[in-house]
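Have the sequence and the 3D view open side by side for this one.

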Amino acid sequence: MAMEDAGTLALLLARYCPLDTTNSPTVDFSLFEKAMHAYESLRVSRTKTILGSSVELGKTQQKRAESKLYNAWREWSIKAQVWAYGTLPVMRPGAASDYMTKVEEVVLE
């Protein structure tokens, strides 16, 4: 998440607050607020989704700690999902996210 946040912020600042190198290096902050609104619109929904997945994984881990039977079933389930999908389905949205494309879509609006 931190890398996506940093990448998103860097792309937005480069677009909305360009570096002027003509005389002495200065940054144009006139559109800084617009960059921050774009950042929020991109990141808040994404982080809510990830937070929800994290909460669900936490609940699963708590159940595994409380029940040996559930732990055994969950361990088998994880292995079966990784065998079938190459990863856990809950992890796919993170790996498939393309923040650069999403930034470009927002910038072009």
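## Starting at Leu 13

Leu 13 is partly exposed, with a relative accessible area of 26%; buried means under 20%, exposed over 50% and partly exposed in between, using a 1.4 Å probe and protein chains only. Leu 13 sits in helix α1, where helices are DSSP runs of H or I with at least four residues, strands are runs of E with at least two, and the numbering goes from the N terminus. Setting aside neighbours within four places in sequence, Leu 13 is in contact with Pro 18, Phe 32, Ala 35 and Met 36; contact here means heavy atoms within 4.5 Å. For a sense of scale, Leu 13 and Ser 67 are 54 residues apart in sequence and 49 Å apart in space, C-alpha to C-alpha.

A quick word on what you're looking at: this is a predicted model, in which local features need pLDDT of at least 70 and side-chain atom pairs count only at pLDDT 80 or more, while totals for chains, interfaces and linings use all residues. Residues are numbered from 1 along each chain as its sequence is written, and side-chain values use heavy atoms, with hydrogens and water left out.

## Two residues on α2

Met 36, one of the contacts of Leu 13, belongs to helix α2. Its relative accessibility is 24%, so Met 36 counts as partly exposed. Not counting residues up to four places away in sequence, Met 36 touches Leu 9 and Leu 13. Met 36 and Leu 12 are 24 residues apart in sequence, and their C-alpha atoms are 8.2 Å apart.

Glu 33 is also placed in helix α2. Is Glu 33 buried or exposed? At 59% relative accessibility, Glu 33 counts as exposed. Between Glu 33 and Tyr 16 there are 9.1 Å in space, C-alpha to C-alpha, and they are 17 residues apart in sequence.

## How α1 meets α2

Two packed helices are described by the angle between their axes and the distance between the axes. For α1 and α2, the axes come within 9 Å and cross at roughly 155 degrees. Axes are lines fitted to C-alpha atoms, for helices over the stretch in contact, and angles run from 0 to 180 degrees between N-to-C directions. α1 and α2 are therefore roughly antiparallel to each other; the cut-offs are under 35 degrees for roughly parallel, over 145 for roughly antiparallel, 65 to 115 for roughly perpendicular, and oblique for the rest.

On the α1 side, the contact includes Thr 8, Leu 9, Leu 12 and Leu 13, and on the α2 side the residues include Phe 32, Ala 35, Met 36 and Leu 42. By class, this contact of α1 with α2 has 10 nonpolar, one polar and five charged residues. Ala, Val, Leu, Ile, Met, Phe, Trp, Tyr, Cys and Pro count as nonpolar, Asp, Glu, Lys and Arg as charged, and the others, Gly among them, as polar.

Thr 8, found in helix α1 (residues 2-16), counts as buried because its relative accessibility is 1%. Beyond four places in sequence, Thr 8 touches Tyr 39, Leu 42, Arg 43, Tyr 99 and Val 103.

Which residues form the largest nonpolar core? There are nine: Leu 12, Tyr 16, Cys 17, Ala 35, Ala 38, Leu 42, Val 103, Val 106 and Val 107. The elements giving two or more residues to this core are α1, α2 and α5 (99-108). A nonpolar core is a set of buried Ala, Val, Leu, Ile, Met, Phe, Trp, Tyr and Cys residues joined through side-chain atoms within 4.5 Å.

## The other end of α2

Helix α2 (residues 32-66) packs against helix α3 (residues 68-85) at an angle of about 130 degrees, with the axes 6 Å apart. That makes α2 oblique to α3. By class, this contact has two nonpolar, two polar and six charged residues.
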